Amino acid sequence: MTTCFATRALNSADETTALAQSVSAVLSQGDVLLLEGPLGAGKSHFARGAIQARLGYPEDVPSPTFTLVQVYEAPDLDIWHCDLYRLTTPESAQELGLDDAFETSACLIEWPSRLAHLRPQDAVTLQFEMGDREGARNATFIGQPSAFRTRLEGALNG
């Protein structure tokens, strides 16, 4: 059963980065994090923070809006950062090689609704919503029980 298992009020970009760093620490091969929310909600900022934390150095991490996919090679894990906004069919996602990446890498997917039926069953969704004041966001983690969810719960509550 897919349920909400954690929520966070993020009062600044720095708090979004700190959350990304916590999540990044537990990413493993086969983990898929689906980043949902409106334009400007913090999806790319979160992904940038997670990737930089895992790499261990301040790599330039642009939004893959036009390239669709950027792959980063951390010492122990490849991380795929995908922005599917421009895709028109789920099959286009398959052409990017996401099927393999879902098994061999950690994936951070912006605009995951474009995956439709190709969404991995054990993926975790991170929904961003605009907060009640400028710069504030609300983040909600949703997913069914899985090893990834268990690691996330430990990182978020630890």
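Reader: Two strands pair if DSSP finds at least two bridges between them; which residue stands opposite Glu-73?

Author: Asp-78 in S4 stands opposite Glu-73. Strands here are DSSP runs of E with at least two residues, helices are runs of H or I with at least four, and both are numbered from the N terminus. This is a predicted model, in which local features need pLDDT of at least 70 and side-chain atom pairs count only at pLDDT 80 or more, while totals for chains, interfaces and linings use all residues. Residues are numbered from 1 along each chain as its sequence is written, and side-chain values use heavy atoms, leaving out hydrogens and water.

Reader: How many bridges join S3 to S4, and how many residues does the hairpin use?

Author: S3 and S4 run antiparallel and are joined by 6 bridges. The hairpin between them passes through 2 residues.

Reader: What is the strand order of the sheet?

Author: The sheet is open, with 7 strands in the order S1-S7-S6-S2-S5-S4-S3 and mixed pairing. Its edge strands are S1 (3-10) and S3 (69-74), each of which pairs on one side only.

Reader: Which helix packs on the sheet and touches S7?

Author: Helix H5 (residues 147-157) packs there, touching S1, S2, S6 and S7; contact means heavy atoms within 4.5 Å. The direction of H5 makes about 35 degrees with that of S1. Such angles run from 0 to 180 degrees between N-to-C directions, with axes fitted to C-alpha atoms, for helices over the stretch in contact.

Reader: Turning to S7, is Arg-137 buried or exposed?

Author: Arg-137, which lies in strand S7, is buried yet has no salt bridge. Buried means under 20% relative accessible area, exposed over 50% and partly exposed in between, using a 1.4 Å probe and protein chains only. A salt bridge requires a side-chain nitrogen of Lys or Arg within 4 Å of a carboxyl oxygen of Asp or Glu.

Reader: Where is the nearest side chain of opposite charge, and which backbone oxygen does Arg-137 reach?

Author: The nearest side chain of opposite charge is Glu-134, 8.1 Å away; Lys and Arg count as positive, Asp and Glu as negative, with His and the chain ends not counted. The side chain of Arg-137 reaches the backbone oxygen of Ala-41 at 3.0 Å.

Reader: Why does Phe-128 count as buried?

Author: Phe-128 counts as buried because its relative accessibility is 2%. Phe-128 lies in strand S6. Leaving aside residues up to four places away in sequence, Phe-128 touches several residues, including Leu-10, Leu-35, Ala-41, Phe-46 and Asn-138.

Methods. Pairing = 2+ DSSP bridges. Polar contact = N/O pair within 3.5 Å; in protein donor to acceptor, adjacent residues only side chain to side chain.
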